[in-house]
Amino acid sequence: QPRIKAMFKRLKAKLPRMPRPNSLVLLTAFLSFAVVGLGIWAYLQRVYGLNLLNREINKIQASLLEAGWDMAYDKAESSAFPLFAPLTFQNFRLYALDGSKEWKTEELKIGAGLFNCGHITPKASRKQTLTLNGKVYPAEIPVLDIDLYFDRALGLKEASIEGMGWNIRGLGTVDSLRLAAQRMAPLNISELTPFFENHLEVAGIQISEDVDFPLRKRINRIYANANIIGMITSKPTYTESLSAWLRLGGVIDIRKLIVEWAPLTMVARGDLYFNEKLEPNLHLNTSSKGLNETLDMLQDNFLERKGVFVAKILLNNKAFKLNKDDRYYTVTTPVNVNANQILIENIPLKKF
């Protein structure tokens, strides 16, 4: 046995030695494989996302046509390369078919997440134009960040919009706008279940002096917290989705609405629903200060004097000062707005 062991040692010494693996080479090979794999996966995600975007754009265009609108562009480019925007439109326009309204931007990019095709980020040019009844209003939108998150099974599950420093020359300016929305319910929900929760806050609205309007030109703040009640299902067009939602009893629950528009300060809650013609009907239970003074400002230019006179009698009978130092009286009253009229205390103030 010692002789056999010695022989094996001599034979082993004569065999060529295998080179020891270089850890740097192995690490480089692994990283290269990982990068290539991630690149292929990102490319496949982008191709899948492009198909979804094209399908959704066709759906949007069909929905716009149903509503009397359409969109147009001079050139459209698509890219499956993950580092570039999936879709880019040059000279993009959204317009009413009757020619009364148009929004235009030099470039509209539809971005997407690098490894998540469900994260969509539309981005328009800073310089835009708005046309109303033949009059063009140049607009500068320095900050407008839109983030949309989609799920393959559920559709849109989260959205956020943030804008700052908007200036539409001849119409007004907006200091800031924030919108946050998120899905609240699973797939199997009833018509009475909250489907989407939404928060909207617009601050510092300054109406241009060129706009003929009886109220003060500064709106300090508008805030709304509203829930969409009932599930909105996917249909060939958004109009069909909305109609199906309404047939199942869909409604918007306004949990809180705050309007700070001196002399008016209003806090309200209520609901918004639509009839078979998709016309809105808003019902609010409000508590406000400065309501009578606001009605006075509107009665000669917008509201009907007779209706304002009757409504103010009813409001004055229940008005009170919440604090002895308050400048304006506090009053609680229902407010209804629909396609035909505006009512306070069920008294018509304005008929359309």
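The model is predicted, so to speak of local features pLDDT of at least 70 is needed, side-chain atom pairs count only at pLDDT 80 or more, and totals for chains, interfaces and linings use all residues. Residues are numbered from 1 along each chain as its sequence is written, and side-chain values use heavy atoms, with hydrogens and water left out.

Helices (DSSP runs of H or I, at least four residues) and strands (runs of E, at least two) are numbered from the N terminus. Buried means under 20% relative accessible area, exposed over 50%, and partly exposed in between, with a 1.4 Å probe and protein chains only. The two helices are set out below.

| Helix | Residues | Buried residues |
|---|---|---|
| H3 | 238–247 | Ser-241, Ala-244, Trp-245, Leu-246 |
| H5 | 305–318 | Gly-307, Val-308, Ala-311, Lys-312, Leu-315 |

Seen down the axis of H5, its buried residues fall within an arc of 125° (taken from the directions from the helix axis to the C-beta atoms), so they line one face of the helix. The face turned away from that buried side carries the exposed residues Lys-306, Phe-309 and Asn-317.

Strand S13 (251–261) is among the elements that cover the buried residues of H3, and Ile-252 has its place in this strand. Ile-252 is buried, with a relative accessible area of 19%, and its contacts (heavy atoms within 4.5 Å) include Trp-245 and Phe-274, not counting residues up to four places away in sequence.

Definitions and conventions
The expected span of a helix is 1.5 Å times one less than its number of residues.
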